[in-house]
Amino acid sequence: RSVYEAMFSCRVPRVPRVLPANIVEEIVYECYEDHTLQVQEKYLESKRNGTSKESQEGLFLASLKTSDMMQALERVLEKRYHLPFVVSKYGFELLSTCEATGGLAYGYFLDSCSGLDVSVGRVLSIIMHMLSAIWPTPLPCTDQAIGQKELNTVIETMYASLSQSKREEVMSDIAIHTKATFTYTTLREYFIAAATSMQEHHTNALRELIEFKATTLKVSDLDKYAFADSCSSYDYGNEADISCVRERLKYRHAEACLRCNAPKARLSTAELTMVASETMWTLAEEKSGTWLKPKKRY
């Protein structure tokens, strides 16, 4: 409450309204999208203005200090609601709903708003957005079950870069977790649990690559170059430009180090894994056609 009042210079309701879950998830997704595009633009601007790799990275990291999730939230709400008092009211209601409702997905968004790294929250926002965009039955009928054929279509869209055998492994995991009850709610719970525990297929495979690279180099953590090398061998799909993937991995590594206050620009295996997973899911979203923004991203 005090943070929001200071930011928007206004008073907020004593008892805020609880916003519907679909509205909260839409806005959270748009905030992560806005933040991602802002960071990419700052990276490209630093490459244009820097005279060396060192100066480019210095410019990039300096610019990130003025780019955070609260600013992304303000921009998203201004585009949606225009009027300043409506923007401030909705912003406070959104954050209050996230805090009151609880749950991992909302908790990670609040962490992002507090200045921590955005990787986990962004992965969850992409997966939730893709799932709702391709779900075969009308939402918000979240407890209406779908059949095996419809589930196959959902998984084929979300995991388009995987082979059929790998997709069958994903579906087997889902069947075990959901006890073969395939509703929007049970799949949402599955993906949140799997992603945050690093058992989701892409996330788990990338973690293994990172751990193998660290073992090969006989180090406990990886710098951005070794990190990019470790993840470049993953199958991001036939249309992926690996040079662009490597660029994104490196600049997201630099951003995550800043957000996590990592000493000597080193991140833990778990932190590296989620940065890599975010890159993978960004590409998966673009390939699925569920991404609504026209601008090309790394």
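What share of the 298 residues in the protein is buried? Buried residues make up 50% of them. Buried here means under 20% relative accessible area, exposed means over 50%, and partly exposed lies in between, with a 1.4 Å probe and protein chains only.

A word on the model before we go on. This is a predicted model, where local features need pLDDT of at least 70, side-chain atom pairs count only at pLDDT 80 or more, and totals for chains, interfaces and linings use all residues. Residues are numbered from 1 along each chain as its sequence is written, and side-chain values use heavy atoms, with hydrogens and water left out.

Now the fold. The protein has 14 helices and 0 strands. Both are DSSP runs numbered from the N terminus: helices are H or I with at least four residues, strands are E with at least two. Take contacts between residues at least 6 apart in sequence: 70% of these join residues at least 24 apart. Contact means heavy atoms within 4.5 Å.

Next, helix pairs. Two packed helices are described by the angle between their axes and the distance between the axes. Axes are lines fitted to C-alpha atoms, for helices over the stretch in contact, and angles run from 0 to 180 degrees between N-to-C directions.

Start with helix α7, residues 119-134, and helix α10, residues 184-196. Their axes are 10 Å apart, and the packing angle is about 155°. That makes α7 roughly antiparallel to α10. The cut-offs: under 35 degrees is roughly parallel, over 145 roughly antiparallel, 65 to 115 roughly perpendicular, and the rest oblique. The crossing of α7 and α10 is right-handed. Right-handed means the near helix is turned clockwise from the far one by less than a right angle; anticlockwise is left-handed.

Who makes the contact? On α7, the residues include Val 120, Ile 127 and Leu 131; on α10, they include Leu 187, Phe 191 and Ile 192. The contact residues of α7 with α10 split into 11 nonpolar, 2 polar and 1 charged. Nonpolar covers Ala, Val, Leu, Ile, Met, Phe, Trp, Tyr, Cys and Pro; charged covers Asp, Glu, Lys and Arg; the others, Gly among them, are polar.

Stay with α7. Of its 16 residues, 14 are buried, so α7 is largely enclosed by the rest of the structure.

Thr 279 is buried, at 1% relative accessible area. Leaving out residues up to four places away in sequence, Thr 279 touches Val 245, Arg 248 and Leu 249.

Two loop serines to finish. Ser 161 lies between α8 and α9. Is Ser 161 buried or exposed? Ser 161 is buried, with a relative accessible area of 14%. Beyond four places in sequence, Ser 161 touches residues including His 202, Asp 235 and Met 280. The C-alpha atoms of Ser 161 and Asp 235 are 7.0 Å apart, across 74 residues of chain.

Ser 233 sits in the loop between α12 and α13. At 57% relative accessibility, Ser 233 counts as exposed.
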